[in-house]
Amino acid sequence: MADGGESNKTEVTSYCYQCVAGPDLLKVDIQDGVPVRVRPNDEAAVIHPAGGKVCVKAFGLIQKTNNPHRIRTPMIRTNPKKGRDEDPGFREATWDEALDMIAGKLRSIRERGLLDESGFPRVAASFGGGGTPTSYMGTFPAFLGAWGPVDMSFGSGQGVKCTHSEHLYGELWHRAFTVSPDTPMVELVVAFGANTEASGGVCGVRRHADARARGAKRIMVEPHLSITGACSAEWVPIRPKTDPAFMFAMIHVMLHEEPRERLDIPFLRDRTSSPYLIAPNGFYLRDPATNKPLIWDQTSASAVPFDTPGTDPALEGTFTVSGLEVGADDESWDHKDIECRPAFGHLVEHVAPYSPDWAAEICDVKADTIRSVATQFLDHAHIGETVEVNGHILPYRPVSVSLGKTVNNGWGGYECVWARTLLACLVGGLEVPGGTLGTTVRLNRPADNRWTSVVPGPDGFMNYPMNPTRKGEWMDTSSSRHAHRTLVPLAANSPWSQALGPTHLAWMMQKEGLEHLPTPTPPEVWFVYRTNPVISFWDVKSVAEAVARFPFTVCFALTHDETNHMADVLLPECTDLEGTQLIRIGGSKYIEQFWDYQGFALRDPASAPQGEARDFSWISTELAQRSGILEAYNSSINKGAAGVRLFGDGYDFSLKPDEPHSVEDIWENVCRAASAEITDGAESQGLDYFREHGFRVKEFPRERWYLYPAMVDMNLRFELPYQERLLRIGKELGARLHEKGIRWWDRQLEEYEALPPWRDFPGMWESALENAFDVKIGDYPFWVVTSRSMQYSWGGNAGLQMIHEVASNITTHGGVVMNAGRAAEMGLSEGDRVRISSPNGSTEGALILKHGIRPDTLLMVGQFAHWTTPFARDLDTPSMNALTPMLLELTDATGSGADLTRVKIERIGGGK
Amino acid sequence: MTKWTIVADLNRCVGCQTCTAACKQTNATAPGVQWRKVLDFEAGEYPDVRRAFVPVGCMHCDEPPCLDVCPSTATLKRADGIVTIDYDICIGCAYCAVACPYQARFRVDTPNQAFGKDSQKMRHEIVRERPERRSVAQKCTLCVDKIDEGLANGLIPGIDANATPACVESCIAAALVFGDADDPDSNVSTLIAENRTFGMHEELGTGPNIRYLYSGKDFPEGSTATLVPNPIGQASVAPRHQHQWDWRAASNFVFGGAGTGLFTFAAVAGLFSPFLWWAGLLALAMVGLGLFCVWLEIGRPWRFLNVFRHPARSWMTREALAAMPYFGLGALAVLLTMPWPGFGAGGWVGLPAAAFALMFLYSQARILKAAKGIPVWRQEQIVPLIVTTGLTEGMGLFAVAALIAGTSASWISLTMAALAGLRWLAWRSYRGALAAEGAPTQSLIKLDAGPLNLSAPGQAAIVALALAGLVLPGVTALAGLLAVATGWAFKFTLITRAAYNQGYAIEAMPARGAGKPAPGVKPGWTRA
């Protein structure tokens with residue numbers, strides 16, 4: 001085993017956190033020192049939301065570990081030229097040579113300063129998989145923390161491959177970095193492209209299977225019949241990117257076609273901004289004395305501050321009132337006896353035009369279908385009912401709307417998230433049992449606790465750590481190459497914020513800078529781990545060209561791949577089944593990870609390192625020592641950079657800061673601190689305990705799945721429906737940018753609407769493509785979309801034969817999926833070799849015909865088109881990442897795009 | 001008694017293939033071999049489309065066709081219902097693979113090497129090498145070792161993970177449930193009693209023991225799957241061309257049928273005229289050549305004697321048993337009638353061998369009929385068709401032999417004509433039955449294609465030529481050659497090109513949650 005462990009084990013406990021829907025707790029069977037089989041850790045059955053089961057991707061770890069194509073020694077590039085067509089000429093090197101080479105660069109940077117002439121960090125790092133690599137990189141976060149500023153803005157897919165709008169607006173509105181139905185109680189889910197059965201991991205699959213078994217209903221609204229669509233009661237094929245219109249029409253039905261008593265009026269009145277009076281310039285009318293927003297109290301027939309006790313706030317009506325209106329940059333208006341309406345009244349008026357008949361034409365869905373979905377939503381809402389959760393009497397609202405990728409990022413993403421969250425509010429179903437829940441926080445602090453992240457902010461809402469927009473506070477540089485603090489107030493400034501900025505701007509600016517931003521520079525040292533942006537980002541050709549210009553790239557490498565093809569040094573790290581690490585589990589996490597327990601799980605090596613592979617923590621320690629930051633590195637570990645703070649009340653397992661520690665010693669101390677933390681200092685077992693048990697947990701009270709009790713405790717409101725704060729920061733941001741002369745972000749500023757209107761979102765793609773490429777959009781008659789794959793997503797496993805083999809049983813893998821009827825009209829047959837071209841690029845592959853896809857839409861599942869990764873390069877599978885352009889015009893205000901574009905299809909050969 | 005059964009809840013299954021992967025890893029199966037897998041079905045036309053995921057594998061049938069056909073007794077059914085394979089006995093003839101209507105059986109002739117011959121063998125492939133499994137039949141064992149070991153340790157299969165098949169143990173949707181269907185209180189019995197279930201291809205009488213659970217609310221009893229003749233997008237579930245038996249197996253039916261037919265007519269003719277010893281020798285050689293070809297095809301050729309182990313049920317054993325006296329008595333007849341000094345036995349000498357030739361021929365017909373996995377083989381009317389074409393081909397060859405020997409008799413022409421006519425009737429009856437009952441679309445296309453088939457014009461020409469032989473000497477031999485050519489072409493097509501397997505079908509597209517079920521589909525099947 002790694003680090004001198006035993007070699008006669010027959011099984012070890014471990015985890016799989018290859019995707020954001022993990023971790024799954026597992027056991028690995030070992031035969032003659034070789035890991036041969038992954039299986040569920042049945043001892044975790046009682047504590048795990050999916051009975052301790054393990055996702056299909058985890059079974060790939062055996063082939064991953066024993067892979068014949070692994071990089072087995074450090075390697076150093078000999079060909080100074082970089083590019084797809086350049087042979088890197090990697091030669092084998094010793095660890096000493098490779099580490100000294102990297103440390104030399106790092107020491108040189110420390111001597112010259114951590115920031116370059118543009119103010120950007122000279123060191124950059126990119127990690128894939130929505131943050132999951134931290135579960136495999138041991139103490140590397142401590143190295144990064146000790147180092148100082150590191151640029152994480154070179155994205156590997158975030159922004160276009162994630163639910164980006166949900167991440168930002170979700171955190172703003174209900175501490176919901178990701179959003180989930182309360183699946184164990186829900187009766188009706190309306191899912192807009194949320195492919196939970198493919199991307200929700202074992203917890204998502206199990207919870208929804210249980211829901212179906214008890215008769216819950218899911219209506220799937222999406223252009224193609226996905227895995228999740230297959231598992232739904234109904235499929236509604238909607239035109240791509242028109243989802244906001246569908247949801248707006250649902251809101252219209254609820255506000256204009258159904259009686260008010262079908263809504264949860266008390267929730268709207270007490271837990272939302274619905275009663276706040278809106279002044280003529282669109283901002284709240286405020287009490288001049290306290291600056292608090294005013295409501296109209298029907299009892300006293302007067303306008304009073306929103307938090308006045310004993311009031312009966314009006315939601316609708318027009319009232320003659322006086323007060324103060326405060327706009328952007330403290331601009332204010334003193335209003336006397338003006339006519340004002342509450343926010344809810346404005347909402348009612350706002351959605352008046354958005355009838356189902358209006359939406360039907362936009363969405364290509366019958367008006368009756370939309371109307372039926374809306375009324376079913378009300379039918380299942382159980383307005384007025386309650387349920388007990390651990391002694392808490394909470395509202396019971398078993399209806400939810402979930403949003404998928406592409407629906408939920410890029411233009412239209414804001415509107416979808418707003419409408420979805422508003423639909424929950426209308427029935428009082430936000431953050432209550434059965435309803436729509438956030439899962440975790442990443443931008444607010446503390447990251448491991450949604451309840452304690454609920455901090456009172458202005459106007460009766462939760463606080464939110466916006467990047468400043470006020471004059472004198474706004475930051476015209478961001479210490480990141482994508483300007484996330486400059487351009488995206490909602491991106492905040494947590495350790496996750498860089499990854500949630502407009503990551504494609506970092507890549508775009510490597511080609512051409514944006515006016516009035518610092519001159520873009522490549523990073524002097526770029527670390528890459530568990531990501532392959534040359535395959536996984538959009539417009540992969542441009543990304544590859546940028547990567548080729550980076551002067552010094554260090555890739556932690558499993559096998560050769562398209563990104564490390566451009567690397568200067570390859571480092572073989574102990575991969576999933578060879579390294580040691582302790583991670584946090586449980587609580588409520590991404591996607592559908594809602595546990596009744598929380599604690600820690602150990603990744604215990606199932607195999608000796610292959611070749612010269614080294615544990616990531618060993619590599620991190622060596623790099624820290626050789627680059628002269630060992631003390632800061634050890635201190636960073638002590639402060640919790642390895643996942644657990646090593647000291648607390650009554651215990652201290654801190655590492656001596658001034659000396660290097662072995663991997664075993666580091667994790668021994670981490671395990672002891674974890675034991676102490678979980679037992680409030682009563683116990684302090686180390687690695688041996690975790691090796692024997694695999695995990696250690698304590699209860700996580702179920703009421704903490706719901707934010708509602710915390711909101712009630714602090715008498716806070718959800719900031720819906722009216723977005724006064726966004727309106728203000730949008731105006732402020734615009735002013736700041738304009739003061740600096742920046743006009744290229746004006747379109748994004750339009751998203752800062754108090755009540756978002758429908759825009760022609762599909763048309764925005766069409767016109768952006770026409771403008772950027774001088775094409776006629778009519779020549780590109782199809783939309784192309786993508787879909788996640790349970791077998792592949794986030795796994796970085798396209799090079800594994802077993803994964804390919806089992807994934808092939810799902811027939812939409814391995815080609816481009818097209819409507820059978822449309823294909824027949826065009827004379828195309830199953831298996832034909834086709835070229836799919838967008839204005840930006842083309843990709844080729846086999847044609848797969850299905851009835852379950854719109855005639856105007858093509859589908860490419862997963863991310864392929866590898867050209868050097870062993871095995872994957874022979875799969876001959878098309879990828880839409882060659883087709884989607886990175887365009888400022890297709891970047892929304894949060895800095896994300898959406899994974900779709902317009903294409904044409906042509907036959908280039910017969911079937912095999 | 002115990003009857004281990006899997007219930008697969010189609011409302012729960014999401015097609016994730018975790019069971020597929022867990023099975024592969026637990027059983028160290030070869031690349032491409034999936035004892036358990038989950039199918040991806042689509043039904044309907046846009047926009048009214050359904051998609052369902054259906055776990056399949058060995059059904060551990062109540063009446064396993066694989067067991068009946070196995071000539072070596074390698075396949076057995078345990079008292080608890082598990083169908084097992086003894087790798088040390090199996091000869092690798094793959095008869096079980098074509099007999100299984102669930103495509104559950106595999107034969108792999110090379111060691112596991114997932115990344116191909118050009119890559120290094122992986123460590124787990126080395127330590128989990130299973131040479132005893134090479135070139136013999138393999139399939140799902142229901143993880144019988146886990147069950148037995150679990151039971152021995154007081155565990156309950158289906159409840160305790162360590163006594164439960166890996167697919168069920170790993171199922172993330174709790175869609176797969178394992179238990180004892182003979183115990184009325186078991187988990188599976190309860191599910192079966194309280195829900196609508198179906199078995200796949202139940203009409204074949206196999207009694208499959210994977211029961212598919214679906215909501216039957218609003219779904220009429222006795223619904224049958226809709227045949228989808230042109231299964232666009234359904235290649236993975238539609239009938240596929242079987243690759244287990246190729247030209248080598250076909251040769252046995254080609255030469256075995258014609259050879260036994262030839263010997264039969266040589267022997268019958270011997271009652272009226274001298275036994276044509278060289279025709280008899282040719283007939284023996286033909287059957288021998290056919291069997292040699294089959295021997296070339298089996299995975300473990302040096303275990304060929306195991307073919308005799310299952311006379312009670314296997315028509316392949318019976319074919320082999322008939323071959324022995326056929327060769328012995330036939331050789332004796334040839335020896336006795338050869339123009340050697342002191343020999344010259346009477347014509348009757350061929351009759352005992354001819355009796356075994358007919359048994360051999362009949363066994364061949366029954367071999368195909370017992371192959372339940374191939375719809376165009378298992379059809380009832382295949383038996384008279386295979387027998388009549390064997391006899392017709394034999395008669396055709398005999399007509400040529402008679403011409404060479406200089407004998408001509410009107411009975412040869414008349415018999416030739418009659419047999420060709422009978423064969424055509426048998427073909428028409430067979431083809432009509434396929435049309436009525438339905439068959440894989442591709443099988444029918446292949447059977448009907450080509451100039452050398454058994455359809456009316458060609459066969460009428462043979463009859464006409466044979467009758468013309470009454471007045472024109474030698475023309476009967478021409479008819480005979482044509483009869484042989486069409487018969488051989490038919491059988492070669494039947495065994496190879498037209499041999500599409502059963503494919504998969506489901507009785508109902510399951511309701512999902514509060515949704516409704518819909519009629520199932522049988523992709524790639526047609527009635528025509």
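These legends walk you through several close-up views of a predicted model.

**View 1. A four-stranded open sheet in chain A**.
Start with the strands, which line up in the order β10-β9-β8-β19 and pair in parallel. Ignoring direction, neighbouring strands here are turned by 15 degrees against each other on average.

**View 2. Strands β8 and β9 of chain A, side by side**.
Let's zoom in on one pair from that sheet. Strand β8 (residues 188-192) of chain A and strand β9 (residues 217-221) of chain A run parallel, and 5 bridges join them. To find your way around, look for V189(A): the residue standing opposite in β9(A) is R218(A).

**View 3. Helix α13 lying across the strands of chain A**.
Helix α13 (residues 367-379) of chain A lies across β8, β9, β10 and β19 of chain A. Against β8(A), the helix runs at about 140 degrees.

**View 4. Helix α12 meets helix α13 in chain A**.
Stay with α13(A) and bring in a neighbour. α12(A) and α13(A) pack at an angle of about 120 degrees, and their axes are 8 Å apart. That angle is why α12(A) counts as oblique to α13(A). The crossing of α12(A) past α13(A) is right-handed. From α12(A), the contact uses P356(A), D357(A), A359(A) and A360(A), while α13(A) brings A367(A), I370(A) and R371(A). Sorted by class, this contact of α12(A) with α13(A) has 5 nonpolar, no polar and 2 charged residues.

**View 5. Helix α12 again, this time with helix α9 of chain A**.
Helix α9 (residues 243-257) of chain A packs with helix α12 (residues 356-363) of chain A at an angle of about 170 degrees, their axes 9 Å apart. So α9(A) is roughly antiparallel to α12(A). On the α9(A) side you'll find A245(A), F246(A), F248(A), A249(A) and V253(A), which meet P356(A), W358(A), A359(A), I362(A) and C363(A) in α12(A). By class, the contact of α9(A) with α12(A) comes out as 10 nonpolar, no polar and no charged residues.

**View 6. Helices α14 and α17 of chain B**.
Over to the other chain. Helix α14 (residues 410-437) of chain B and helix α17 (residues 475-497) of chain B have axes 10 Å apart and pack at an angle of about 30 degrees. The two helices, α14(B) and α17(B), are therefore roughly parallel to each other. Here the crossing of α14(B) past α17(B) is left-handed. I412(B), S413(B), M416(B) and A420(B) of α14(B) meet T476(B), A479(B), G480(B) and A483(B) of α17(B). The contact of α14(B) with α17(B) has 5 nonpolar, 3 polar and no charged residues.

**View 7. Where the two domains of chain B touch**.
On the domain 1 side, α2 (65-69), α3 (95-99) and β16 (525-526) of chain B each supply at least two residues. That side of domain 1 has 18 nonpolar, 7 polar and 3 charged residues.

**View 8. Chain A against chain B**.
Here 62 residues of chain A are in contact with 51 residues of chain B. The chain A side has 35 nonpolar, 13 polar and 14 charged residues.

Key:
Residues are numbered from 1 along each chain as its sequence is written. Chains are lettered from A and ligands numbered from 1 in the order in which they are written. This is a predicted model: local features need pLDDT of at least 70, side-chain atom pairs count only at pLDDT 80 or more; totals for chains, interfaces and linings use all residues. Two strands pair if DSSP finds at least two bridges between them. Axes are lines fitted to C-alpha atoms, for helices over the stretch in contact, and angles run from 0 to 180 degrees between N-to-C directions. Two residues are in contact if their C-beta atoms, placed from the backbone, lie within 7 Å. Angles under 35 degrees count as roughly parallel, over 145 as roughly antiparallel, 65 to 115 as roughly perpendicular and the rest as oblique. A crossing is left-handed if the near helix is turned anticlockwise from the far one by less than a right angle, and right-handed if clockwise. Ala, Val, Leu, Ile, Met, Phe, Trp, Tyr, Cys and Pro count as nonpolar, Asp, Glu, Lys and Arg as charged, and the others, Gly among them, as polar.
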